[in-house]
Amino acid sequence: MSGEIMSKNDSSTYISTRGKSGYLRFRDAVMTGLAPDGGLLLPQSIPDVTAELNKWRKLTYPELALEVMRRYVGSDIPVTDLRKLLNRAYSRFTAAEIVPVVQVGDLHIAELFHGPTLAFKDLALQFLGELFEYILAEEDRCLNLVGATSGDTGSAAIYGVRGKQNIKIFIMYPDGRVSPVQERQMTSVLDENVHNLAINGNFDDTQRILKALFQDLDFKEQYALGAVNSVNWARILAQIVYYFYATFRVQADTGAEKVQVCVPTGNFGNIFAGYLARRMGAPIERLVLAANRNDILARFFRTGRYERQGVAPTYSPSMDIEVASNFERYLYYREGRDSAKVEALMAAFARTGSLDLPNAAEDEVIAAGSCDQDRTLQTIRRYFETYSYLPDPHTAVGLEVGERFALEDTPTLCMATAHPAKFSDAVGKALGPEHVPSHPQLKALEEMPTRREVLAAETEAVQDYIRRHALTRNSITHS
Ligand SMILES: *Cc1c(COP(=O)(O)O)cnc(C)c1O
């Protein structure tokens, strides 16, 4: 880890929610992912940008991203370099606005799915790939990213780092258990630094192997392993930007002072970025958390009890979670930044599978609701028939909950997290086979050659493969 830094209360110095990891610079926070004490990293302070809003609303997406991010990056990356990284990251989006905002019925919709893999994770992972490459080159290091996926994250991570210098990525997925579209989105990427590992087992097997790889500390060190996960601070940071961008658009269209924002939620990463945007001064009245039937978070905001209850598959698989990995960040603020308390609560939760926080239901910033399977399909159908607008199943959960939480004088903005063609099975089920959506980017994949490696569901098999293909210090490219 580079240079000790002193405690100073600023937004580019990072601390752990559990308070035992000292102070980290931005680039160390990005490269570390999870804090060494098991907590999650957060900036020491959140800048108040209220005075900037009138200037900011005139900016393009990459310009706005630069303004938001430089406050959290500090002197770690010169502004001119950061601007280049952002311009490159957002050059691969097919919509000129990057995040178009449209009005559909009474709701406003921010389309977060115009990136290379057609899901909102591109907004963060396209940037993270640029950031990794930049930091590795500066520090003469290499990185072997390893992840396990059941869907969206794998392809978005692969597209984030494909062709990048000094990075390799190894993505495991259960052979035959991800949708054909999602598999093709990964295996058609033929860049030399991308390795798709089809594991002969189920999703739990891939998770077990992943855990074992990171627990073997010698192996992890020797092969410079890094994780692709939803808790990396840079992912949250990149997501803050569109809360400003999209609420500015709704203000311009409606003249409203504040906007309510509804977010289809799984691991709490997306909505937590909205929570920070609001604390910075974005014109957000309230956030509405929308869950599918895996509703641990919605139950928490209704009852104050956060309780593990298993997970059931749904039409919106990227929201099928048992516990939400970014929840601890929210807990930290909710408990008045008392890291000893956060640590105790998380320890109790690990032991008993539940925790109780009185007054959670009175949270004025976050309201929550859930949408079951039938209503998800009904909502897809209703939006298509009434407004000729076709939402994907994740977005449909958000629209249904957003409608129910509508306010009298404040417009509601819903985050659309994936393109419907990515989940054409569920959409086809809602509308019938004659309306199955398609997208040229996905259509093109059908003709493309693919590459994958089939491996046994054993840690040794995966370790052996990584040993043979990982980058090591000797293979660092100097530019
Ligand atoms: C990841 C994902 C979500 C959930 O986002 P979180 O940040 O985990 O809450 C919702 N919809 C889609 C399409 C996703 O890929």
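Colleague: Helices (H or I, at least four residues) and strands (E, at least two) are DSSP runs here, numbered from the N terminus. How many helices and strands does the protein have?

Modeller: There are 19 helices and 16 strands. This is a predicted model, where local features need pLDDT of at least 70, side-chain atom pairs need 80 or more, and totals for chains, interfaces and linings use all residues. Numbering runs from 1 along each chain as written, and side-chain values use heavy atoms, without hydrogens or water.

Colleague: What does the C-alpha trace span along its principal axes?

Modeller: The trace spans about 60 × 55 × 50 Å.

Colleague: And how many of the residues count as buried?

Modeller: Of the 479 residues, 60% do. Buried is under 20% relative accessible area, exposed is over 50%, and partly exposed lies in between (1.4 Å probe, protein chains only).

Colleague: Cavities next. How many of 30 Å³ or more does the structure hold?

Modeller: One. A cavity is a set of points on a 1 Å grid over the protein atoms alone, where a 1.4 Å probe fits but cannot get out. Points join across faces, edges and corners, and volume is the space filled by probe spheres set on them.

Colleague: What volume does the largest cavity have?

Modeller: About 80 Å³.

Colleague: Which helices each supply at least two residues of its lining?

Modeller: α5 (121-139) and α6 (152-161) do. Lining residues have an atom within 4 Å of a point. α5 gives the most, with four residues.

Colleague: Give me the names. Which residues line the largest cavity?

Modeller: Leu-125, Leu-128, Gly-129 and Phe-132 are among them.

Colleague: Backbone now. What is the phi of Asp-140?

Modeller: Asp-140 has a positive phi of about 55 degrees, although it is not a glycine. Asp-140 sits in the loop between α5 and β6 (143-148).

Colleague: Is Asp-140 buried or partly exposed?

Modeller: Asp-140 is partly exposed, at a relative accessible area of 31%.

Colleague: Where is Asn-166?

Modeller: Asn-166 lies in the loop between α6 and β7 (167-174). Asn-166 also takes a positive phi, about 65 degrees, and is not a glycine. Asn-166 is buried, with a relative accessible area of 6%.

Colleague: On to helix α13. How many of its eight residues are buried?

Modeller: Seven of the eight, so α13 (residues 327-334) is largely enclosed by the rest of the structure.

Colleague: Which residues in α13 are buried?

Modeller: Phe-327, Glu-328, Arg-329 and Tyr-330 are among them. Leu-331, Tyr-332 and Tyr-333 are buried too.

Colleague: Switching to Leu-107. What is its place?

Modeller: Leu-107 is in strand β5 (residues 107-111). Leu-107 is buried, at a relative accessible area of 4%.

Colleague: Which residues does Leu-107 touch, not counting those up to four places away in sequence?

Modeller: Leu-107 touches Val-102, Tyr-383, Leu-399, Glu-403, Thr-412 and Cys-414 on that count. Contact means heavy atoms within 4.5 Å.

Colleague: Back to Tyr-332. What separates the C-alpha atoms of Leu-107 and Tyr-332?

Modeller: Those C-alpha atoms are separated by 32 Å. Leu-107 and Tyr-332 are 225 residues apart along the chain.

Terms used:
On a 1 Å grid over the protein atoms alone, a cavity is a set of points where a 1.4 Å probe fits but cannot get out, and a pocket is an open set with protein on both sides within 12 Å along at least five of seven lines; lining residues have an atom within 4 Å of a point.
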